[in-house]
Structures are given as C-alpha cells and as structure tokens.
Amino acid sequence: MPLPLPRRVVRRLAADAGLLVVAVAFAVPLLWLVLASLDAHATLRVRPPASPTLENFSAVLTDEITFTPMLNSLLICGGATLLTVVCAALAAYPLSRFRSRFARPYLLTILFSTCLPITAVMVPVYGLFVQINLIDTRYGTALFLAAAQLPFAVWLMKNFMDGVPRALEEAAWTDGASWWQTLLRVILPLMGPGLAVVAIYTFIMMWGNFFVPFMLLLSPEQLPASVSIFNFFGNYGAIAFGELAAFSLLYSTPVVLLYVLISRRLGGGFALGGAVKG
Amino acid sequence: MTGTVAGARTAARARTPRAVPVRTRLLRWSPLLPATVLLLLFLAGPIAYCVYLAFTDTQLTGQESASFVGLANFRHAFGDPGFRNAVVLTLVFTVVSSILGQNTLGLALAGLMRRASRPVRVLTGAVVITAWVLPEIVAGFLLYTFFERRGTLNAVLSWLHLPTQNWLFTLPILAVSFANVWRGTAFSMLIYSAALSDIPPEVTESAEVDGAGGLRRLWHITLPMIRRSIGTNLMLNTLQTLSVFGLIWAMTRGGPGNRSQTLPVFMYDQAFLKSLIGYGTAVALLLLLVGAVFAAGWLRLMREEV
C-alpha cells in the first residue's frame, strides 16, 4: 500500500473542504430563519430555541397578517403569470415558425428589453399610473408585472417551441387545422414541460418582486406579502423577530417548492432557457 | 439547442416561399399582437414618459403645470454631491458584489463542484441556490440580522476573540455588497457549471499530461474556453446588480445618512421622499442608459444565438 494518498483523493478532499466552508457560511442566515421561527424569544442571533414552539406561526396566521397579503400575492402574481404565459405562447408561435424581415429585429428588441433595469422605470410608471388611474389597483400592478416579465418569457417560450418537431404540426395543417388549433392542440401539449418552466419561473420572479408593488400599491388591504412584511418593523423599535421569521418562512415556501419542481430543467445545460448560454 | 434552432430556421426558410399573400402574412403574425401591445403600453410607454419627465421640473406635490427645463436636471445631478455619492457607491456595490464577489465565487464553486464528492456537491448546491430563490426582501431581512450589531456575525467574531463592530453603521456598503453576493452567487455558479461541463475532458487531461499546473491550466485553457460565458455572466450580473433596491432597502434604507445609497435608492429618495419627480426621473434615465449600454454589450455576445 502506498502511504501518501493518491492525488485524486487529496484533490477531492480539498474540494469538499472548500465547498463545505462556503456552504456553512451561506447556511448561517438560513439557519437563523428556521431557528428563530421556532423560538418564542428569538433574537438577532442564530441560536437553538430553548423550547421549540409553534407560537410564532400561530401568532402570524391571522387574516390581517398572513392570509390577506398571501391572497393578494396570489391574485396579483397568478393573474400576471397567466397573462404573461398566454401572451408569450402566442407571440412565440410565429417567431418560432415563420420567417420574416422583422422577426430578427423583434427578437433582438425583446432580448434587449429582458435586461433593462426595470427599477429605473418605476418612477415614470408611478407617474403614468396616477394619470390613467391605475395606481393602487391590483390589476394595474399585475398588468405592469406581466409586461415586465414578458420579454424573458417570450424568449424562453420561443426557445422551447423551436425544440418541438414540425412533422406533427404539418399533419395538422394538411388536415385543415387553423393556426390556433395547431398551437393549442399540437404544439403546446408537446411542450408541456417547457410551458411549466416558463409559467413557474415567471411566477417565482413576480412573487419575490418587492419594488413594483411597493411603488404601485398604497392601501394596506391590497398589499402583497412582499410589501406587507415591512409591517413587522413598527415605527417604534421592538420587532418581533420570531414572528418575522415565521412569516418569512411562510412567504418563501411556495417559491422554494416551485423551484424544486423545475430545478432539474433549469440546471445543467439548460441554464435559464439557453438564453444565457455563451 | 443551437442545432434545433438552426434546423427550424432552415425549415422555415424552405416553407415560406416569396409569394405569401399579404392577408395570410398578417394573419400569421397576428398572435404577436397581445404581447406587443402589452409591451408598448407598459414598457415602451413608461420609458418614453421617462425621457419626457427627465427634462421637466415635475414635482410630486401637484403644482399646476410642470415646465420644460431642458438639461437643468442633469446639470443639477452632476453638481449634486448626493448624486456623485450615489454613483460612487453604485460602482463600489457593482464591482465588489457582482464582478469580484458573485462572478469569482460562482466560478470557484463551479470548479470545485467538478472535483468534490457527490453529497458535498449536492448539499452546497442546495444551500447556495436556496439563498438565490428566496424572495429579495426575505434575503434582505436575513442578512440584516446577520450583520446587525447584536447579530450572528458579531457573535461568531467574539467567539473567535476577534474585534466586533457595528457593520451596518461602519461599513454599510460592504455589508449590502456581501448580502448581494450571498443572494446572487447561485446564478453565476449555474452558468459556470454549464460552461465547464461543456469543456471536453480530453483537453484538460492532455494539458495535465503535459505537466501544466492548476493555475496555468486555469489561465491558459479553462478561462479562454469559457470566455463567452464569462462575458455573459458579467453583463447579466452587472445589470441585475444595477437595479437592486429591495435588498438595500430592507437592510439599511440607504443609510446611515446616505452611506449605502446606490442610484436606485437615491432615485427613489429624490422622487418620492423629496418629491422631485423630474429630478428623480433624470437619475432614472441615466441608470437606464447605463443599463442599455450593458444590455447592448450582452446582445453583441448573443447575436449568433438569435
């Protein structure tokens, strides 16, 4: 037996050690979230609760604190996701199937607008919404969120649609199906997983969006969870950290679960729709 | 994926003869309409309005009519110490968190993951990605508790007998930069993992046989081979970082004073807390222009894909 460890093993151990250091560092804030939510006397530090309890959860599970904001989030993000996905699927179809002089400039414009800093247009959007009376309405907020997320959704959707073979579609054409029948009955069912990825990704981005509802919604009963979370920071100090953690956990769980659903397709070579594959 | 795109494109070319009647052509492209209308109304509209507002003295406290003031807002901005402070802080925030932080750490993680054992790889991936998937505002609160004077970082430091300090007060911009690294590294990690797995193993192996050491291999082989991914990643990271608002708002609200007030926070502060919509919009327009430059750079890299 050779005494020194083979180089390969040494390298693997070193890599493991390096990754574990990073993992622990990244895990500390997450650990606080979980531990504080179970601790009736939570502080700012990570520490195991003296006696784990669900008190924090029962304290925040009320209409005013949790259910109304979550419902608002669901209405705003769900509605906006639906609109985005429908518009993106429709737009992707001709972009993927037909050729025209303006298809490429159109796609380039779409791609360009995927990366404009949306934060920067929020001040004029606010001004615009005041003038056309969309300010402080949930559907107005949903419309803007849908538009903001649409470029990336169109791009993703087009890439997925490009992957659907045309043979079946051509059979449908020959049978005299119209374009929307073809899209609805042939293409979309074939790209089911891709459609799910676009919808879920869009929903996750909207669910986590803070700035848009923060700017466009004013009345407390309309605020989604991303903004209402600030209510835990009263004006007079004294923050119930345990309850803040419990609420954060409730608010984050849906997107984490949804991400797990699509992670296999998002990871690996896919890396966000091939959009960023350099 | 590129293969199928090219395939679809040739097929499309073959299918579309020159003489498609105008009516058919309009009908074919009609599905584009809803998306285009939505984008024009809610994205192009505000951008145009932004350009208009930036040249007026509009204020929030409804004065009778706003008047056209030409470049006054921009002149004001360049002479305003608050604005210059925001520009410098935005640069620090972008360089530290996006270019040095997320990009380098993401590449390092992706590289280590190729050598590490499976359980460690899966665990690290899960933790780093969870940080990324959490809503921005939750991430902000979590890192607030981490950096706060009575928070976990100081607890760890005093346990190690190292000096503690009130991070959010002494080094607020570094605290928010680290928060952004925590939140954004997963994206770089995913991009680089994909890029590294595209490098054929023979290339690395033959370099190893030739006796090239780790660092030289990285510099002469790995980095050149993934240079397009590096470009893509830097552009997208920078764009993402330029528009961070919620994270900073949750942690410091731009404070103390204005010591973590990056451009988006400055813009919000001027437009809504100081009621200078015209001025705030001028700042927004500058931010948008910087973003557009980066977006155009990214588009150049992407041109072959469309």
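**Entry 1**

I started with Asp162(A), which is buried at a relative accessible area of 6%. The model is a predicted one, and I keep that in mind for every entry below. I placed Asp162(A) in helix α6 of chain A, a helix that covers residues 138-162.

I then looked for a partner of the Asp162(A) side chain. The side chains of Asp162(A) and Lys158(A) form a salt bridge, with 2.8 Å from N to O. The two side chains are also listed as a polar contact of 2.8 Å.

I checked how Lys158(A) sits relative to Asp162(A) along the helix. Asp162(A) and Lys158(A) are 4 residues apart in helix α6 of chain A, so about one helical turn separates them. Is Lys158(A) buried or exposed? Lys158(A) has 6% relative accessibility and therefore counts as buried, the cut-off being under 20%.

Side chains of opposite charge can pair when their charged atoms come close.

**Entry 2: other salt bridges**

How many salt bridges does the rule give over all chains? The count comes to 6. I looked up two more besides the pair in Entry 1.

In chain A, Glu170(A) and Arg166(A) meet through their side chains in a salt bridge of 3.8 Å, N to O. Glu170(A) is partly exposed, with a relative accessible area of 32%. Arg166(A) is buried, with a relative accessible area of 11%.

Arg150(B) counts as partly exposed, with 45% relative accessibility. Glu148(B) has 12% relative accessibility and counts as buried.

**Entry 3: between the chains**

I turned to where chain B touches chain A. The contact involves 104 residues of chain B and 98 residues of chain A. I wanted an area as well, since the size of an interface is often given as the accessible area lost when the parts come together. The area buried between chain B and chain A is about 9200 Å², and carbon and sulfur atoms give 79% of that.

Which helix gives the most residues to the side of chain B that touches chain A? Helix α3 of chain B (residues 32-53) does, with 14 residues. I sorted the residues on this side of chain B by kind and got 71 nonpolar, 18 polar and 15 charged.

I also looked for polar links across the interface. The count of salt bridges between chain B and chain A is 0. For polar contacts, the rule finds 7 residue pairs across the interface, with both residues at pLDDT 80 or more.

**Entry 4: Ser113(A)**

I picked Ser113(A), which lies in helix α4 of chain A (residues 103-114). Ser113(A) is buried, with a relative accessible area of 14%. What does Ser113(A) touch, leaving aside its neighbours within four places in sequence? I found contacts with Pro151(A) and with Leu43(B).

Val255(A) is 142 residues away from Ser113(A) in sequence, and their C-alpha atoms are 25 Å apart in space.

**Entry 5: helix α4 of chain B**

I next asked which residues of helix α4 of chain B (residues 72-79) are buried. They are Asn73(B), Phe74(B) and Ala77(B). Looking down the axis of α4(B), I see the buried residues within an arc of 95°, so they line one face of the helix. What do these buried residues pack against? They pack against three helices of chain B: α3, α5 (81-115) and α16 (277-302).

**Entry 6: a loop in chain A**

Last, I looked at the loop between α5 (118-131) and α6 of chain A, where Asn133(A) is found. Asn133(A) is not a glycine, yet its phi is positive, at about 60°. Is Asn133(A) buried or exposed? Asn133(A) is exposed, with a relative accessible area of 61%.

Asp136(A) lies in the loop between α5 and α6 of chain A too. Its phi is near 60°, again a positive value in a residue other than glycine.

Conventions: Residues numbered from 1 in each chain as written. Chains lettered and ligands numbered in written order. Predicted model: local features only at pLDDT ≥ 70, side-chain atom pairs only at ≥ 80, totals over all residues. Heavy atoms only, no water. Contact = heavy atoms within 4.5 Å. Buried area = accessible area lost by both parts, 1.4 Å probe. Salt bridge = Lys/Arg side-chain N within 4 Å of Asp/Glu carboxyl O. Polar contact = N/O pair within 3.5 Å; in protein donor to acceptor, adjacent residues only side chain to side chain. Helix = DSSP H or I, 4+ residues; strand = E, 2+ residues; numbered from the N terminus. Nonpolar A, V, L, I, M, F, W, Y, C, P; charged D, E, K, R; others polar. Buried < 20%, exposed > 50% of the residue type's maximum accessible area, 1.4 Å probe, protein only. Arc of directions from axis to C-beta.
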